[in-house]
Amino acid sequence: MTSATPQPTDVVSAALAMPPSPAVVFRSSAEEALPATPFRVTVPTPASLDPLVASDNLGWPTLVAVVTRTGRDLSALSSQPWQREWLLLPGTTYVAVPSPPELLAGVRVLVFDEVVDDGGASQAQLPPDIAVLMAHVRDAVLAADERDDVPVPFPGRFTGPLA
């Protein structure tokens, strides 16, 4: 008996049945030049609440904090829930947060914000302004740098292009 490999459209359909989970999540990149904004995510894209997980223990030169309002929390479905995985959905649009990149824990940190026209309803659980958002990102990265390394069962899982 063989089982079919889930296709991206199956994953997206299943994720769309879940409620949105606004959060600040992380991905990493080997690229110095990330997409010009605004940009649209075109494929289901994994991210993590944990900067260590998202960056293979801060092993990539760039860490990207992503403010998602429509992402889905997949940790309850994961075989590795400690990875605290979120899914960024295809079709979502992001813009760069207007602040200079920071060098924290030896990595360059950039921040992108999801563009949503929902009258502000999706912002209720997120930092209320740029200063608070940047402090949240800074605190998360510096706290991750103080922790022990995490297992990396799938190197590069949370790395790669956003658009």
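Student: Why is phenylalanine 112 called buried?

Tutor: The model is predicted, and in it phenylalanine 112 has a relative accessible area of 4%. Buried means under 20%, so phenylalanine 112 counts as buried.

Student: How do you know whether phenylalanine 39 is buried or exposed?

Tutor: Phenylalanine 39 has 6% relative accessibility. The limit for buried is under 20%, therefore phenylalanine 39 is buried.

Student: What makes phenylalanine 39 and phenylalanine 112 an aromatic pair, and which kind is it?

Tutor: A pair of aromatic rings is described by the distance of the centres and the angle of the planes. For phenylalanine 39 and phenylalanine 112 these are 5.3 Å and 80°. Centres within 6.5 Å make a pair and planes over 60 degrees apart make it edge-to-face, so this is an edge-to-face pair.

Student: Where in the chain do the two residues lie?

Tutor: Phenylalanine 39 is in strand β2 and phenylalanine 112 in strand β9, 73 residues apart. Together with Tyr94, Phe39 and Phe112 form one aromatic cluster.

Student: What makes the charged end of arginine 157 sit over the ring of phenylalanine 158?

Tutor: The charged end of arginine 157 is 5.6 Å from the centre of that ring. The distance limit is 6 Å, with a further limit of 35 degrees from the ring normal. Arginine 157 is listed as sitting over the ring of phenylalanine 158.

Student: Which residues have the most contacts inside the largest nonpolar core?

Tutor: They are Phe26, Val111 and Val137, in a core of 21 residues. The element giving the most to this core is α3, with five residues.

Methods: Residues are numbered from 1 along each chain as its sequence is written. This is a predicted model: local features need pLDDT of at least 70, side-chain atom pairs count only at pLDDT 80 or more; totals for chains, interfaces and linings use all residues. Side-chain values use heavy atoms; hydrogens and water are left out. A nonpolar core is a set of buried Ala, Val, Leu, Ile, Met, Phe, Trp, Tyr and Cys residues joined through side-chain atoms within 4.5 Å. Buried means under 20% relative accessible area, exposed over 50%, partly exposed in between (1.4 Å probe, protein chains only). Helices (H or I, at least four residues) and strands (E, at least two) are DSSP runs, numbered from the N terminus. Rings of Phe, Tyr and Trp (its six-membered ring) pair if their centres lie within 6.5 Å; planes under 30 degrees apart count as stacked, over 60 as edge-to-face and the rest as tilted.
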